[in-house]
Amino acid sequence: MKRKPLKLIATCAGGLEQLTAGELQELGGAVSESTKGQVHFSGSLKTAYKACLWSRFATRILLVLYECPAPDTDALYAGVQQVDWNTHVGVSGTIAIDCTKRESPIAHSRYAVQRAKDAVVDQFREKFFRRPSVEVKQPHVRIHVLLDGDQARICLDLSGESLHQRGYRDRGGEAPLKETLAAAILIHSGWSRDVSEQSILIDPMCGSGTLLIEAARMYADIAPGLGRSYWGFFKWRGHNKAIWQDLITEARQRRTDGLQRPYPKIT
């Protein structure tokens with residue numbers, strides 16, 4: 001029996017929606033809607049993993065678990081409780097909750113986070129008399145509450161950390177250019193992995209080299225997320241290790257092939 005497509009959201013910086021949507025379509029996603037800072041799409045778990053691994057423009061990839069009215073925090077609490085959280089994380093696991101709101105009648109995002117957390121742990125206490133712990137940094141699952149008007153989407157953050165963190169540097173400069181924005185600038189300048197080896201890319205105001213690094217990795221067909229050691233789905237109970245490993249194996253081969261190409265001048 002064919003599985004129902006997953007509802008997914010890619011968040012991105014304002015202005016990058018069109019680039020992100022086009023990229024997701026190339027990765028196999030079916031884009032349904034774009035709003036400011038969000039691209040809504042659907043696809044298989046493999047599609048979601050590919051978006052995490054290969055997106056150069058998205059900030060996070062969210063899996064929508066439940067949608068509900070949220071005119072107040074009581075309604076939000078009730079909505080969060082509709083999710084069977086034991087299918088996503090165990091009582092001995094860890095959770096973190098983030099909230100993004102836009103024109104919501106719920107005034108304070110921190111209170112929304114608190115009420116969402118209460119809904120999750122209360123469900124565990126009622127069923128198992130125990131509850132997961134809160135871990136802000138690299139939890140087993142990161143829950144993201146999107147409040148849009150009087151509606152809420154309860155999501156799992158599959159990316160875990162912002163996708164601009166490619167994994168190839170420990171820290172940026174004092175005023176770093178985010179890698180996602182650098183990739184967008186390069187695309188708008190005409191750069192891609194298909195440029196001629198006679199091409200020349202010069203960054204006369206090079207700081208920490210983000211534009212040049214992103215250009216070189218794009219040309220070499222290196223998956224943006226290939227160097228990351230942590231993903232939000234690694235300890236999620238719905239994680240399919242076989243699908244992920246196949247994608248990693250493919251990405252490593254593409255990197256090997258890409259690095260053997262004659263390089264244009266990047267300086």
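Two strands count as paired here if DSSP finds at least two bridges between them, and the strands themselves (E, at least two residues), like the helices (H or I, at least four), are DSSP runs numbered from the N terminus. The model is a predicted one, so to speak of local features takes pLDDT of at least 70 and side-chain atom pairs count only at pLDDT 80 or more, while totals for chains, interfaces and linings use all residues. Residues are numbered from 1 along each chain as its sequence is written, and side-chain values use heavy atoms, with hydrogens and water left out.

On those terms, strand β4 (residues 58-69) runs antiparallel to β8, with 7 bridges between them. One of the residues involved is proline 69, whose bridge partner in β8 is glutamine 151. Strand β7 (residues 141-148) also pairs with β8 in the antiparallel sense, this time over 6 bridges, and leucine 147 sits opposite alanine 152 of β8. The β7-β8 hairpin has 2 residues between its strands, and glycine 149 there adopts a positive phi near 65°.

Strand β2 (residues 30-35) pairs with β3 in the antiparallel sense over 5 bridges, and valine 31 faces phenylalanine 41 of β3. Serine 42 belongs to this β3 strand (residues 38-43). With a relative accessible area of 23%, serine 42 is partly exposed, a class that lies between buried and exposed (over 50%). Beyond its neighbours within four places in sequence, serine 42 is in contact (heavy atoms within 4.5 Å) with Pro5, Leu6, Leu8, Gly29 and Ala30. Histidine 88 is 46 residues along the chain from serine 42, and their C-alpha atoms are separated by 20 Å.

How values were computed: Buried means under 20% relative accessible area, exposed over 50%, partly exposed in between (1.4 Å probe, protein chains only).
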